[in-house]
Amino acid sequence: PVRIGGRLSGKIGENFRLGLMNLQTGVKDTIPASNYGVVAVQQKIFSRSNIGAFLINKQVTNIPVDSSFNGNKYNRVAGVDFNLATADNRWTGKAFYHQAFYSNSTNDAFALAGAISYNTQQLAISYDQAYVGNNYLAEVGFVPRKGYNQIVPAIEYKFFPSSEKVANHGPGVEADMFFKPDFTLTDRDIELNYEIVWLNRSSLSAEVENNYVMLQEPFDPTNTGGDSLAAGTDYNWNEVGFMFASDTRKLFNYTISSRYGGYFNGTRFNVSGEINYRVQPYGSLSVVASYNKIIMPQPYNSAELILIGPRLDITFTDKIFFTTFVQYNNQIDNVNINLRFQWRFAPVSDLFIVYTSNSYPEDFY
């Protein structure tokens with residue numbers, strides 16, 4: 001439970017920004033109470049670039065008597081960031097270094113990354129590289145994976161024909177690769193695509209993709225409780241796919257996509273879509289759906305997975321809004337409902353009332 005918290009943010013002068021926040025939680029069952037604090041500063045440099053620094057602190061303040069808590073009494077992450085954007089926006093980029101501090105922390109408790117891109121009307125080139133250490137720990141945040149190098153080069157070119165219908169078209173290629181710290185390859189995703197954009201802003205893209213994965217942990221490819229693929233095994237497969245998006249400026253618009261190809265040591269067919277309809281100025285209705293048919297060899301489970309989610313946005317006035325989102329997932333036979341009421345009682349000031357329900361069909365019987 002959150003006991004108390006406060007936040008202060010704003011600008012000091014034209015080029016300097018400051019943010020402060022502190023929050024205290026209470027004990028919950030065997031979970032200790034903790035204090036969370038963050039300070040962040042940012043200084044504008046050059047025409048559109050900035051450099052920033054931050055410190056995040058989590059400090060355990062009260063451990064329940066009957067708790068078997070043996071985690072870190074504190075976890076801190078300090079970092080610096082540099083964001084680049086030239087005046088003409090042709091060159092953009094980012095670089096950061098984050099260092100973690102915690103009880104008994106050892107070497108390799110840091111993360112660093114850099115990205116640079118060059119963009120013109122016809123050509124886009126980018127290169128991203130990141131490293132996350134084996135012992136990097138950021139408890140106030142989310143670190144999906146540790147102990148890797150990542151490299152992501154990409155290039156895209158557009159042709160602008162003298163056509164009354166086609167705005168532009170062209171190819172692109174991107175590679176996303178993960179390596180262990182010793183540069184042993186663990187993941188590779190290479191994609192070759194071609195996109196056509198019409199003058200009415202609808203678009204069609206097609207792609208061919210090659211995937212490689214060396215599993216770091218046992219993995220159930222359908223997440224349905226069947227046998228798992230063993231850690232250390234590797235898989236290589238190819239996929240093809242397409243996506244069509246209609247003109248989003250129209251009151252009724254839609255997107256449809258499909259993929260077919262390998263999936264680890266099996267095959268997968270996917271079709272997904274989204275339909276949107278706006279009733280101006282009163283709101284909009286949309287439905288998102290996805291179907292996956294995964295066929296795996298014995299003894300692994302095959303599965304047909306369905307995800308569907310309608311959404312309704314209602315605008316009562318220019319200050320009162322209501323959003324309803326429902327999602328059904330047959331993989332875990334789950335229905336999720338989210339209702340949000342928003343009242344904008346002053347400029348940049350809102351009151352939100354949110355209701356969320358996460359339930360299973362047997363709950364209704």
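Student: What is the volume of the second largest pocket?

Tutor: The model is a predicted one. Its second largest pocket is lined by residues that include Ser9, Arg17 and Gln42. The volume of this pocket is about 170 Å³.

Student: Which strand supplies the largest share of the lining of the second largest pocket?

Tutor: Strands β1 (2-12), β2 (16-25) and β3 (33-45) each contribute at least two lining residues. By class, the lining comprises four nonpolar, four polar and two charged residues. The largest share, four residues, belongs to β3.

Student: Which element gives the most to the lining of the largest pocket?

Tutor: The largest pocket holds about 250 Å³ of space. Two or more of its lining residues come from each of β4 (49-62) and β5 (74-85). With three residues, the element that gives the most is β5.

Student: How many residues in the lining of the largest pocket are nonpolar?

Tutor: The lining consists of 18 residues, and those nearest the centre of the pocket are His98, Tyr136, Ala138, Phe142 and Val143. Three of the lining residues are polar and three are charged. The number of nonpolar residues is twelve.

Student: What accessible area do the residues of the nonpolar surface patch have together?

Tutor: The patch includes Leu204, Phe242, Tyr254 and Ile308. Strands β14 (252-263) and β15 (266-279) each supply at least two of its residues. Together, the patch residues have an accessible area of about 1000 Å².

Student: Is Val65 buried or exposed?

Tutor: Val65 is in the loop between β4 and β5. Its C-alpha atom is separated by 8.4 Å from that of Thr30, 35 residues away along the chain. The exposed class requires over 50% relative accessible area. Because Val65 has 85% relative accessibility, this residue counts as exposed.

Student: How many residues apart in sequence are the parts that Lys94 and Asp81 tie together?

Tutor: Lys94 and Asp81 form a salt bridge, with their closest N and O atoms 3.6 Å apart. Lys94 is partly exposed at 35% relative accessibility, whereas Asp81 is buried at 14%. Lys94 belongs to strand β6 (residues 91-102) and Asp81 to strand β5, so the parts tied together are separated in sequence by 13 residues.

Student: Which residue meets Arg145 in a salt bridge?

Tutor: The partner lies in strand β11 (residues 185-198), whereas Arg145 is in the loop between β8 (123-132) and β9 (148-157), 42 residues apart. The N to O distance is 2.8 Å, and the partner is Asp187.

Student: What is the N to O distance in the salt bridge of Glu195 and Lys158?

Tutor: Glu195 is in strand β11 and Lys158 in the loop between β9 and β10 (166-179), so placed 37 residues apart. Glu195 is partly exposed, with a relative accessible area of 25%. The N to O distance of this pair is 3.9 Å.

Definitions and conventions
Residues are numbered from 1 along each chain as its sequence is written. This is a predicted model: local features need pLDDT of at least 70, side-chain atom pairs count only at pLDDT 80 or more; totals for chains, interfaces and linings use all residues. Side-chain values use heavy atoms; hydrogens and water are left out. On a 1 Å grid over the protein atoms alone, a cavity is a set of points where a 1.4 Å probe fits but cannot get out, and a pocket is an open set with protein on both sides within 12 Å along at least five of seven lines; lining residues have an atom within 4 Å of a point. Grid points are joined across faces, edges and corners, and a volume is the space filled by probe spheres set on the points. Ala, Val, Leu, Ile, Met, Phe, Trp, Tyr, Cys and Pro count as nonpolar, Asp, Glu, Lys and Arg as charged, and the others, Gly among them, as polar. Patches are made of residues with over 30% relative accessible area and no salt bridge: like charges are joined within 9 Å, nonpolar side chains (Val, Leu, Ile, Met, Phe, Trp, Tyr) within 5 Å. Accessible areas come from the Shrake-Rupley method with a 1.4 Å probe; for residues, only the protein chains shown count as cover. A salt bridge is a side-chain nitrogen of Lys or Arg within 4 Å of a carboxyl oxygen of Asp or Glu. Buried means under 20% relative accessible area, exposed over 50%, partly exposed in between (1.4 Å probe, protein chains only).
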